[in-house]
Amino acid sequence: MLATATGALESAVSPTLPLLQRELSLTPAEGALLSIAMLITGALLLPITGNLGDRFGGRRVMIRLMGVVVTGGLVSSLAPNLPVLLLGQVLQGAMLGAMPLSFILVRKYLSEGESSVAIGVVSGLFLAGGMLGTLIAGPIAEGLSRHWMFAIPTIGVALATLLVRRLMPDDPPGRSDSRIDWPGLLLMSGILLTLMLVLAIVPEAGSQPIELGALVLLLGVLVAGWIVVERRSGAPMVNLRLLAQPAIWSSYAITFAVCLGTSLSMYLVPQLFAVTGDGYGFGASATDIGFYLLPGAVAAAIAGPVAGVAVRRFGSRPAVTVGVVCMMAALLALVFLHGEIWHLVVGKVLVAAASGICVTAVVVKTATAVSHGNTGTATSLLLVIRVVAFAAGAQIGGAFLTAGIPSGSNIPTESAFIAGFVIGGVVAALSLLAVRKLDKGVKE
C-alpha cells in the first residue's frame with residue numbers, strides 16, 4: 001500500500017505538466033526543472049537512506065522518511081506559485097529512498113530465489129502507484145484543482161505509513177558498524193547537488209558558459225576528494241572495491257542508458273500530445289494525456305514482476321538484452337511514426353515495458369550480487385543513477401524543445417521532438433556494450 005501511494009504521488013506532475021505550465025506561466029525549461037525537482041532530493045537522499053537502512057534497519061528509517069514525504073505533499077498541495085511548488089517537490093523527493101529500504105526488508109525475510117520475484121513485485125507496486133497517479137492526476141486537477149492532485153495521494157501515504165509502523169516488525173541492522181562516514185556523506189551530497197545544478201542549466205548552457213564550466217570543474221574536484229576520503233575511511237559510506245566489480249559497474253551503466261531513453265520519452269510524448277503544430281501534435285488536455293499515458297504505466301507495472309520471474313528462470317543478462325533491444329527499436333520507431341495518437345501510445349507502451357524489464361532485472365542482479373549488509377548501499381546507488389538519468393533526460397528534452405521554438409512562436413518544431421527520440425535510441429543501444437559484464441557477480 002505504501003509503495004502504491006508513493007508511486008501515485010510521484011507521478012502527479014508528469015501528465016499534468018502542460019496544465020501546470022499554463023496555470024503558472026512556465027517556459028519549457030521551467031517545466032523541465034519542475035519535473036526534476038523531486039529527483040534532486042531523491043539523488044541526495046538515496047545513498048544516505050540506503051546506508052542508514054543497512055546500519056539501523058529498514059523499517060525505522062522508512063517511517064521517518066515518510067514523515068518528510070507527507071510534509072512535502074502538503075506543501076505542494078497548498079503551493080500558490082512555482083517557488084513554493086518546487087519546495088514541496090523537493091521534500092517529496094524523499095520518497096525515492098523507500099525503494100532501497102524495501103529491498104533491505106525483502107532480502108532479510110526471503111530466500112534468494114524468492115527475493116528475485118519479490119523485488120520485481122515491489123518495483124511493480126511502485127509503478128502501479130505511478131499508473132494510478134497518471135490516471136487520476138489529470139481528472140482531479142481539471143475537476144477540482146491542481147492542489148487536490150497532490151493532497152489526495154499524500155493522505156494515502158500518511159495512512160500507509162501508520163500501517164507500516166503498527167504492523168511491520170523491526171528488522172535487525174545488516175551491518176555491525178554504526179559509525180556514519182560524515183566526510184564521505186557530505187562530499188557525495190555535494191557531488192550530486194552540483195551534478196543536478198549542471199543538469200538544471202543545460203537548457204540555458206549557451207547563455208551561461210562560464211557558470212557551466214565552473215560547475216563542471218567543481219564537480220571534478222568533489223569527485224576526486226570523495227574518492228580519496230572513501231579510500232582512507234575505516235567505515236566508508238561506499239566500498240569502492242564493490243563499485244569496481246563488473247556486475248556492479250555494468251549494472252550502473254545499463255541503468256543510466258535505459259533510464260535516459262525512458263526519461264526522454266516521458267518528457268517528449270506528453271508535450272507532443274499537448275502541442276498543436278503544423279502537421280504534428282494533438283492539442284490534448286491534461287485528462288486526455290493521462291489516459292493516453294495509462295497503457296504505458298500498466299505495461300511498466302506488469303513488467304516488474306515479469307522481469308523478476310524471468311531473471312529467476314533465465315538470468316539477468318537475457319532479460320536485460322531483450323529489454324534494451326525493444327526500447328531501442330521503440331524509440332527509433334517514434335522518429336518516423338508520431339503522426340497519430342496510437343503511434344505515441346504504442347511507442348510509450350513498448351518503452352515503458354522495456355524499461356521496466358531492464359531496470360527490474362538490473363536491480364535484482366545488484367541486490368543479490370552483494371552481501372546483506374551492502375544491499376541498501378548498492379541498490380541506493382543504482383537508484384541514484386536512475387534519478388540522475390531521468391533528470392538528464394528531462395533536461396535534454398527541455399533543451400531541445402526550448403532551442404526548437406522559432407522566433408515569434410511558442411511551439412517547438414517537429415525536428416526538436418525527432419532529435420530527442422534519436423538520442424534516446426542511440427544511448428539505449430550503447431548500453432549493450434555493458435550487458436556482457438552483467439553476469440560476473442560478486443559477494444562481499
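In the predicted model, helix H2 (residues 13-23) packs against helix H12 at an angle of about 55°, and the two axes lie 9 Å apart. This angle makes H2 oblique to H12. The crossing of the pair is right-handed. On the H2 side, the contact is formed by Ser-14, Leu-17, Pro-18 and Gln-21, which meet Met-266, Tyr-267, Pro-270, Gln-271 and Ala-274 of H12. Sorted by class, the residues of this contact comprise 6 nonpolar and 3 polar residues, with no charged residues.

Helix H12 (residues 246-274) also packs with helix H15 (residues 341-369); the axes of these helices come within 10 Å and cross at roughly 160°. Because angles over 145 degrees count as roughly antiparallel, H12 is roughly antiparallel to H15. The crossing of H12 with H15 is left-handed, whereas that of H2 with H12 is right-handed. The contact of H12 with H15 involves 16 nonpolar, 6 polar and 2 charged residues.

These helices belong to a protein that has 18 helices and 0 strands. Of its 444 residues, 56% count as buried. The accessible surface of the protein amounts to about 17200 Å², and carbon and sulfur atoms account for 69% of that area. When contacts between residues at least 6 apart in sequence are considered, 82% of them join residues at least 24 apart.

Terms used
Residues are numbered from 1 along each chain as its sequence is written. This is a predicted model: local features need pLDDT of at least 70, side-chain atom pairs count only at pLDDT 80 or more; totals for chains, interfaces and linings use all residues. Side-chain values use heavy atoms; hydrogens and water are left out. Axes are lines fitted to C-alpha atoms, for helices over the stretch in contact, and angles run from 0 to 180 degrees between N-to-C directions. Helices (H or I, at least four residues) and strands (E, at least two) are DSSP runs, numbered from the N terminus. Angles under 35 degrees count as roughly parallel, over 145 as roughly antiparallel, 65 to 115 as roughly perpendicular and the rest as oblique. A crossing is left-handed if the near helix is turned anticlockwise from the far one by less than a right angle, and right-handed if clockwise. Ala, Val, Leu, Ile, Met, Phe, Trp, Tyr, Cys and Pro count as nonpolar, Asp, Glu, Lys and Arg as charged, and the others, Gly among them, as polar. Contact means heavy atoms within 4.5 Å. Buried means under 20% relative accessible area, exposed over 50%, partly exposed in between (1.4 Å probe, protein chains only). Accessible areas come from the Shrake-Rupley method with a 1.4 Å probe; for residues, only the protein chains shown count as cover.
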